[in-house]
Amino acid sequence: MTSERDRPASASALNGVSRRACLVSLAAPAAWLVAPAQAHAGGQLEEPLMDSVRTALTSAVGNYAPPEPEFFTTESRLHYLRWLATMSDRLRRRKPEWEVRRDFLQTVWYESKRAGLDVSLVLGLIQVESAFRKFAVSSVGARGYMQVMPFWTRVIGDGDPGKLFHMQTNLRFGCVILRHYIDRERGDLFMALGRYNGSRGRSPYPDAVFGAQRNWLFNENPAAA
């Protein structure tokens, strides 16, 4: 994949809002496109895992394959291509090079779908966590696009935290961890996002992610909305 030219940057901590924020609108991106990049990241807390959970997570982050989306119908492929074009336009200011944007968005799509996550939620989380900076590092050591804590590479990976700066590895870990927290919170996104940020039960972080998610919603028929 095309390498990115980002530079290491620090990301400050943010704590976590009312469940009303879950009701995201279909508003198009606006002021955030011209706002200065700012990242707000906390860090997942290391907690004991049952052997079965550890094994499942280890399997989920393994078996890497090229992130090539598969489509079973022409319409589903066209839907993806329209999504890619729309998201590429929205991301242009953050990632000016087309190949970089394409590879990033394709990988986000692939890893989100693989983990059973809403792609717009994952993009919103990335916007809040790292401001789309591949080499972002938080004050507590969380790394990369999805601000994954290094301990995860020891718990369910091969123990090499340096790999968290690899795009697909970071997105794979981030999506698998978020899926794990959603399952643990029985589908409660508010609580799962708080757990992802290390601020479970507090509202600023979930609010920020739900707010950022609006920028990445894809509606092919705005008139109908």
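Select α5 (151-156) and α6 (167-184): each supplies at least two residues of the lining of the largest cavity. Helices here are DSSP runs of H or I with at least four residues, numbered from the N terminus. The model is predicted, so local features need pLDDT of at least 70 and side-chain atom pairs pLDDT 80 or more, whereas totals for chains, interfaces and linings use all residues. Residues are numbered from 1 along each chain as its sequence is written, and side-chain values use heavy atoms, without hydrogens and water.

**Stop 1: the cavity**

Now display L45, E46, E47, L49, F151, W152, V155, H180, Y181 and R184, which line the largest cavity. A cavity is a set of points on a 1 Å grid over the protein atoms alone where a 1.4 Å probe fits but cannot get out, and lining residues have an atom within 4 Å of a point. The volume of the largest cavity is about 60 Å³, taken as the space filled by probe spheres set on the points. Colour the lining by class to find 6 nonpolar, 1 polar and 3 charged residues (Ala, Val, Leu, Ile, Met, Phe, Trp, Tyr, Cys and Pro are nonpolar, Asp, Glu, Lys and Arg charged, the others polar).

**Stop 2: α2 and α3**

Next, select helix α2 (residues 74-91) and helix α3 (residues 98-115), whose axes lie 10 Å apart at an angle of about 125°. α2 and α3 are therefore oblique to each other. On the α2 side, show H79, Y80, W83, L84, M87, S88 and L91; these meet W98, R101, R102, F104, L105, Q106 and W109 in α3. The residues of this contact comprise 9 nonpolar, 3 polar and 2 charged. Contact means heavy atoms within 4.5 Å.

**Stop 3: α3 and α6**

From α3, select D103, F104, T107, V108, Y110, E111, S112, R114 and A115; from α6, select M167, Q168, L171, R172, C175, V176 and R179. This contact of α3 with α6 holds 8 nonpolar, 3 polar and 5 charged residues.

**Stop 4: α4 and α7**

Finally, select helix α4 (residues 119-130) and helix α7 (residues 189-197), which pack at an angle of about 35° with axes 13 Å apart. Here L121, L125 and E129 in α4 meet L189, L193, Y196 and N197 in α7. By class, the contact of α4 with α7 divides into 5 nonpolar, 1 polar and 1 charged.

Terms used
On a 1 Å grid over the protein atoms alone, a cavity is a set of points where a 1.4 Å probe fits but cannot get out, and a pocket is an open set with protein on both sides within 12 Å along at least five of seven lines; lining residues have an atom within 4 Å of a point. Axes are lines fitted to C-alpha atoms, for helices over the stretch in contact, and angles run from 0 to 180 degrees between N-to-C directions. Angles under 35 degrees count as roughly parallel, over 145 as roughly antiparallel, 65 to 115 as roughly perpendicular and the rest as oblique.
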